[in-house]
Amino acid sequence: MSHILLKMPNSRFYSKRLLQPNANFSTSPPNPELRVFVRRKRQKNALQISKEEPKNEAPIEHKSCGLPDIEEFAYKEANGSALSRKSKSTQDMPVVGTEVASLNRMRGEPPANWERVLEGIRKMRTSEDAPVDSMGCEKAGSSLPPRERRFAVLISSLLSSQTKDNVTHGAIQRLLQNGLLTAEAIDKADEATIKDLIYPVGFYTRKASNMKKIAPICLTKYDGDIPSSLDELLLLPGIGPKMAHLVMNVGWNNVQGICVDTHVHRICNRLGWVSQPGRKQKTSSPEQTREVLQLWLPKEEWVPINPLLVGFGQTICTPIRPRCGMCSVSELCPSAFKDSSSPSSKSRKSAQK
């Protein structure tokens with residue numbers, strides 16, 4: 001029997017026998033049975049699915065390769081890790097103005113004139129007339145033995161959140177005068193008594209509750225002392241990154257990172273020292289500011305930068321109505337005289353007309 005060749009697509013097929021009553025071939029006698037090939041119907045569904053796959057191809061490839069985001073790349077590049085295709089394409093794009101500064105922050109490169117600005121701020125702060133200079137958390141329990149002083153710094157950091165330095169200092173002094181500045185004493189004290197002593201610090205009710213939770217932890221796990229690692233400090237109720245870094249720096253003389261509060265966060269953004277990785281927008285939180293600032297600021301500046309900028313923010317670069325006219329580095333500040341609520345900005349604008 002001769003065979004009929006059929007050109008078919010590259011697919012899997014199966015065969016079945018079909019009855020062929022009226023077959024008429026010129027080269028062979030009629031055959032009651034003819035084997036033909038039939039494409040499986042389910043293969044059509046498979047082919048249809050494969051046509052839709054390109055829509056999902058990009059995210060599947062990205063997920064399987066584990067390529068870092070531009071945000072992840074900003075921190076990995078400083079350590080010499082491989083660059084993602086997305087980050088390389090960003091590097092190749094032409095950038096101008098503030099975008100250049102933004103990419104410099106992303107690459108861990110210091111901003112222009114930062115040393116001149118920092119030196120200028122130091123000169124403005126030589127009088128040490130800011131509240132942080134005499135009443136900051138670093139001053140808490142300075143006359144106490146090392147273990148008691150560490151606990152005092154921890155409690156002072158806890159109370160300082162959303163509270164001015166003079167209010168925090170007053171609360172610490174009242175606790176000290178009543179013998180309630182150790183883990184043992186706080187553990188035995190009544191929570192209502194602690195609330196009365198620390199009032200009017202911000203969220204004093206919650207902070208009194210956290211003090212009562214911290215005291216037994218320090219007693220049972222650290223023999224009345226405080227944790228000596230950043231990770232363990234962050235596990236304590238009410239202790240965040242800013243507080244933990246401050247306690248590590250002051251209590252243990254172990255610099256793990258920069259202590260960034262609202263003053264440091266605000267001033268670094270005003271100076272153009274930090275920006276969101278890969279973007280020109282300002283950092284959105286003190287913790288994000290800390291991460292970006294640590295990419296380029298020399299480590300020997302990590303501890304002094306906090307009281308320096310906090311005092312600068314309390315006296316000159318204030319949250320509302322910054323005194324740009326009194327600032328000796330205003331010509332290097334991209335935000336100088338741009339606050340319409342500042343009296344100095346109004347006088348500067350009127351003089352330029």
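Colleague: Why is Tyr204 called partly exposed?

Modeller: This is a predicted model, and in it Tyr204 has a relative accessibility of 29%. Partly exposed covers what lies between the buried limit, under 20%, and the exposed limit, over 50%, so Tyr204, at 29%, is partly exposed. Tyr199, at 48% relative accessibility, counts as partly exposed by this reasoning too.

Colleague: What makes the rings of Tyr199 and Tyr204 a pair, and why is the pair called edge-to-face?

Modeller: Rings pair if their centres lie within 6.5 Å, and the centres of Tyr199 and Tyr204 are 5.0 Å apart. Planes over 60 degrees apart count as edge-to-face; the planes here are at 80 degrees, so the pair is edge-to-face.

Colleague: How many aromatic pairs does a search of the whole structure find?

Modeller: The search finds three. One of them joins Trp114 and Trp296, whose ring centres are 5.4 Å apart and whose planes are at 65 degrees, so this pair is edge-to-face. Trp114 lies in helix H5, while Trp296 lies in the loop between helix H15 and helix H16, so the pair ties together parts that are 182 residues apart in sequence. Ring pairs also bring in Trp273, linking Trp114, Trp273 and Trp296 into a cluster.

Colleague: How do you know whether Trp114 and Trp296 are buried or exposed?

Modeller: Buried means under 20% relative accessible area. Trp114 has 11%, so Trp114 is buried, and Trp296 has 7%, so Trp296 is buried as well.

Colleague: What makes Arg150 count as lying over the face of Trp252?

Modeller: The distance limit for a charge over a ring is 6 Å from the ring centre, and there is also an angle limit of 35 degrees from the ring normal. Arg150 is 4.1 Å from the ring centre of Trp252 and lies over its face.

Colleague: Why is Ile121 called buried, and what does Ile121 touch?

Modeller: Ile121, which has its place in helix H5, has 0% relative accessibility, so Ile121 counts as buried. Leaving aside residues up to four places away in sequence, Ile121 touches Leu271, Leu308, Leu309, Phe312 and Val329. With Leu309 the separation is 188 residues in sequence, yet 7.9 Å in space, C-alpha to C-alpha.

Colleague: Is Ser156 buried or exposed?

Modeller: Ser156, found in helix H7, has a relative accessible area of 3%, so Ser156 is buried. Not counting residues up to four places away in sequence, its contacts are Cys137, Ala140, Thr168 and Ile172.

Colleague: What makes helix H14 mostly covered?

Modeller: Helix H14 spans residues 262-270, and eight of its nine residues are buried, among them His263, Ile267 and Cys268. The buried residues of H14 pack against H15 and H16.

Colleague: How do you know that Asp261 caps the N-terminal end of H14?

Modeller: A polar contact needs N or O atoms within 3.5 Å, and a side-chain oxygen of Asp261 lies 3.2 Å from the backbone nitrogen of His263. Just after H14, Gly272 takes a positive phi of about 75 degrees.

Colleague: What can be said about the chain as a whole?

Modeller: The chain has 17 helices and two strands, and buried residues make up 39% of its 353 residues. Among contacts with a separation of 6 or more, 57% are between residues 24 or more positions apart.

Technical notes:
Residues are numbered from 1 along each chain as its sequence is written. This is a predicted model: local features need pLDDT of at least 70, side-chain atom pairs count only at pLDDT 80 or more; totals for chains, interfaces and linings use all residues. Side-chain values use heavy atoms; hydrogens and water are left out. Rings of Phe, Tyr and Trp (its six-membered ring) pair if their centres lie within 6.5 Å; planes under 30 degrees apart count as stacked, over 60 as edge-to-face and the rest as tilted. Helices (H or I, at least four residues) and strands (E, at least two) are DSSP runs, numbered from the N terminus. Buried means under 20% relative accessible area, exposed over 50%, partly exposed in between (1.4 Å probe, protein chains only). Contact means heavy atoms within 4.5 Å. A polar contact is a pair of N or O atoms within 3.5 Å; within protein, one must be able to donate a hydrogen and the other to accept it, and residues adjacent in sequence count only if both atoms are side-chain atoms.
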